[in-house]
Amino acid sequence: MTSEKTRKEIVIPGETIAEGDDFLPGDWTIKTGKDIIATRIGIVEKQDRLIKIIPLSGVYIPRRGNTVIGEVKDMNHSGWTIDVGGPYGAFLTLKETPGYVEESDMETVYGIGDLVVAKILNVKRTGIDLTMKQRESGLGKIKDGIIVRVNPHRVPRIIGKEGSMIRLIKEASGCYVTVGQNGLIWIRGDSVEGKIFAKQAIEFIVENTTTDGLTDKVEQWLKENRPKNLVKNNPIKAETSEMNGGMN
Amino acid sequence: MAEKSIFTKRPDGRKMDELRPIHAEIGVVPNADGSALFAQGDTIAIAAIYGPKTLNPKHMQNPEKGVVRVHYNMLSFSVGERIKPGVSRRSQEISKVTEWALSPVVMLEELPGTVIDVHINILQANAGTRCAGINAAAMALAHAGIPMKEMISAIAIGKMDKTILADVNKEEEDYDDGEGATDMPMAYLSNSGKISLLQLDGRMQADRLKEALELGKEACKKIAEIQKKALKEYK
Amino acid sequence: MVYKITKKNVLEAINKNERLDGRKPFEQRKIEIKFGVSNRAEGSVSVKVGKTHVVAGIKMNIQKPYTDHENEGTMTTSMELLPLSSPNFEYGQPTIEAVEIARVVDRGLRESRFIDFQKLCLEEGEKVWSINVDLATLNDDGSLLDASALAAMLALLTAHFPVYDDKKEKIEFGEFTDKKLPLNLENMSLTMTFFKIGDKLLIDPTREEEDSTDGRITMEVSKPDKDEMINAMQKGGNATFTIEEVETMVEESKKMFKKLKTLVDEAAEGFDKDNKKIKKEKKE
């Protein structure tokens, strides 16, 4: 009896994934002659007539609307350059901060080395435009909390179907967790043990992404490894992200 | 057509086209964006990829496409007579020919203004080090998610007297009788069937070259299968 | 990746006696030892401490002795922070980090009188054996000095003389004798570095922890039971230390020595056993 969720086969660069004219070449594929070939290591996905590769590794692929966490690298009179991973810079203009920022205040609001949570407004060929204007909880400067870095391609598994996996972690650890699509994850909470526990839970998921029945395994791991002195469902008052772009 | 030699067996008992035992593994350097170990007999190479990342200083960037930067070096204790740590002229040359071998395979037009750093270190040497390095680097590039049109494999073809051999080891490389020692490293692209590395150390009769290249091609195909298998173990 | 905020996290955790990877302040990461990194070396070993991975190789040669030590062999230690092992290492002249590690490891090995240099003399004033201890990183996740010192020790413990043709005065590199290096095992020196962040001490930091610390003191010790000897010390970083803190380190080093020594002895035994097996198989 084969389980319903069998591990999908991994294809490698140069491998033929389709022949003939049944399919059109999508992301990370090329057509040479009659064959469609994968150009990155990943899993094949078919969408109607389009065949593409979902990469397993490599740099973060930015998409409009993604929440990302990045480090401020530089600034000029029009805004801040932020590193969200990958070779291309991301930029946050003064216009895209929630409130009004004077040019002279820029360093205090977001200084070099600060980590910020933002959303992707636009993806251009040579760069990414960021915004913090969307009135969402969690956008702004990170002042407290632990950062975990993972392969961006693992992020969907960490979030889980409709956020189910990340919810498990939040409940078990009593922490608030913001997952950046670029692979940076921000954990904040009252207790140090809780934050470390959440970090280890995420690392457990990353090590087991290809396993079947991961949700059950994670539930079990959380039960077995919970620090004894951790109070469950700690009221999360440590909402340490800064609203209004850090101008309070 | 040159006379075939009376050689029927190699010092380690292998057939003329037989490769040394190979061990290939990915993910050996956790810090790197991609990494692999490739061992061919007693030759062990480790490769790590960092990139693509923005190439600085800016004036070195190519706005049309990315660049591959290779650094090949041998560990001081990888050979019998110790090598002083640091870059040598030999390692500089091998770095460059390796770059020329790998670049055609990487889709550099997809990565303008960036650089992909390829670091190759030889832990243990028994001939064919640059080929083991290329084999490891190819796997590391794929592991790192760098877009590639196809895979690349490399092998050192040699000759003992008049017999052409695949995957020479040090003993065979040092063999100095008859026509003398020969070492022909080559790299072959799996899909397009093109050659992206070709060198010759020693001498070879012109009308034997085709035979050598064909032997190399078959050997590279075998290596490509092994690389593929190791990559499919990706976790 | 180390961010501005990382130091804050490391400090917050350690003030509660915790660490970001769940360890306690004086808890070491898992150590994995594998011999035979290069069969062309007189001795070689791979040491993993958590994700930190270093390799050590011993190469020997024959040369003229130094004029002030005419009847002693020589030893040189080198350290390569390979760019392969971290995005932060670059090519070029050895940095102070690499130089410091090489020199501190070397001092511990030398001062402890672990190697009997006089037994390396072939002809006084003319011919002595020289030992090259070459270290290289394969993955950097902090605490490189301790991992390197351990690797150097293990490589020396399991190294064998190469075959030397007296008449031809030629070393047959690649061929090894059954003879191990002349070592005074009871002088074995083991290294541990104590790091300071805020006013707390910890050992074996990961890279993000190490980059968050303010200073460190390395101690290379031997004979913890009989009459503990400190064979080398090195304070690094801008932090300052109290005398009490240094005394704590001496105490802790005794405990850690025992744990490490058990590991080293087991590993060396395992190596000898495997070696005998291989030799037996070769003869058959």
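pLDDT is the predictor's confidence in each residue, on a scale from 0 to 100. This is a predicted model, in which local features need pLDDT of at least 70 and side-chain atom pairs count only at pLDDT 80 or more, while totals for chains, interfaces and linings use all residues. Residues are numbered from 1 along each chain as its sequence is written, and chains are lettered from A in the order in which they are written.

Chain A has a mean pLDDT of 86, and 89% of its residues reach 70 or more. Over residues 1-6 of chain A the pLDDT stays under 50, and the model gives this stretch two contacts beyond four places in sequence; a contact means that the C-beta atoms of two residues, placed from the backbone, lie within 7 Å. Residues 235-248 of chain A also have pLDDT below 50, with 36 contacts in the model beyond near neighbours in sequence.

One residue of chain A can be followed in detail. A:Ile159 lies in helix 2 (residues 155-159) of chain A; helices are DSSP runs of H or I with at least four residues, strands are runs of E with at least two, and both are numbered from the N terminus. Leaving out residues up to four places away in sequence, A:Ile159 touches A:Met165, A:Ile166 and A:Val179. Between A:Ile159 and A:Gly86 there are 73 residues in sequence and 21 Å in space, C-alpha to C-alpha.

Elsewhere, 27 residues of chain C are in contact with 22 residues of chain B. On the chain C side, strand 3 (52-63), strand 4 (74-80), strand 6 (127-139) and strand 8 (170-180) each give two or more residues. Strand 6 of chain C provides the largest share, five residues.
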